[in-house]
Amino acid sequence: MILYHGSNMVVEQPKLIKQNRFLDFGFGFYTTTNREQAENFALKVAQRRKSGEATMNIYSIEEKKAFKECSLLRFEAPDEKWLDFVSANRQGNYRGKQYDLIYGAVANDDVYRTITLYMTGILSKEQALTALKIRKLFDQMVFATEKSLKYLHFEGRETV
């Protein structure tokens, strides 16, 4: 499997760096199989940080081996369990099991609006899930432990 990570720099040796914000799947190194999503994120990061240049880092992972040897939380669709997990992480109050790898849909800006409306009580869970079904969602794979990062292999980078 080929994975991408958008950044404002080359990331040959990914590291787990504590974030100052709450993300979909919690703490970890975020990647995607969607090249366009990684390119867009690289442009946003370079612009926001006002340093470096938009860079798409390319990795490979032997997923059968990694998924067998690491603890994996996999969401096949943005369903109720996914919504609960993302909401808890986005609010900074997830206290469940910690996984090495987490795979599922990404809550991009458009999807995040729906999740925010749900988290603030404006939308019910059913309304939020209905709204999510009509959105085209990309995926993300998060490497949440040092163990999981050992399965990620840097293949190269491209300037966006």
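The following paragraphs go from one lysine, Lys 125, to the pair of helices around it.

The model is predicted, so local features need pLDDT of at least 70 and side-chain atom pairs count only at pLDDT 80 or more, whereas totals for chains, interfaces and linings use all residues. Residues are numbered from 1 along each chain as its sequence is written, and side-chain values use heavy atoms, with hydrogens and water left out.

Lys 125 belongs to helix H5, residues 125-133, where helices are DSSP runs of H or I with at least four residues, numbered from the N terminus. Lys 125 is buried at a relative accessible area of 18%, buried meaning under 20% with a 1.4 Å probe and protein chains only. Apart from neighbours within four places in sequence, Lys 125 is in contact (heavy atoms within 4.5 Å) with Glu 80, Leu 83, Asp 84 and Tyr 118.

Helix H3 spans residues 80-90, and its axis comes within 10 Å of that of H5, the two crossing at roughly 105°; axes are lines fitted to C-alpha atoms over the stretch in contact, with angles running from 0 to 180 degrees between N-to-C directions. H3 is therefore roughly perpendicular to H5, a label given to angles of 65 to 115 degrees. Glu 80, Trp 82, Leu 83 and Asp 84 of H3 meet Lys 125, Ala 128, Leu 129 and Leu 132 of H5.

Eight of the eleven residues of H3 are buried, so H3 is largely enclosed by the rest of the structure; among these buried residues are Trp 82 and Leu 83. Just after H3, Gly 92 takes a positive phi of about 75°.

Note on methods. Buried means under 20% relative accessible area, exposed over 50%, partly exposed in between (1.4 Å probe, protein chains only). Angles under 35 degrees count as roughly parallel, over 145 as roughly antiparallel, 65 to 115 as roughly perpendicular and the rest as oblique.
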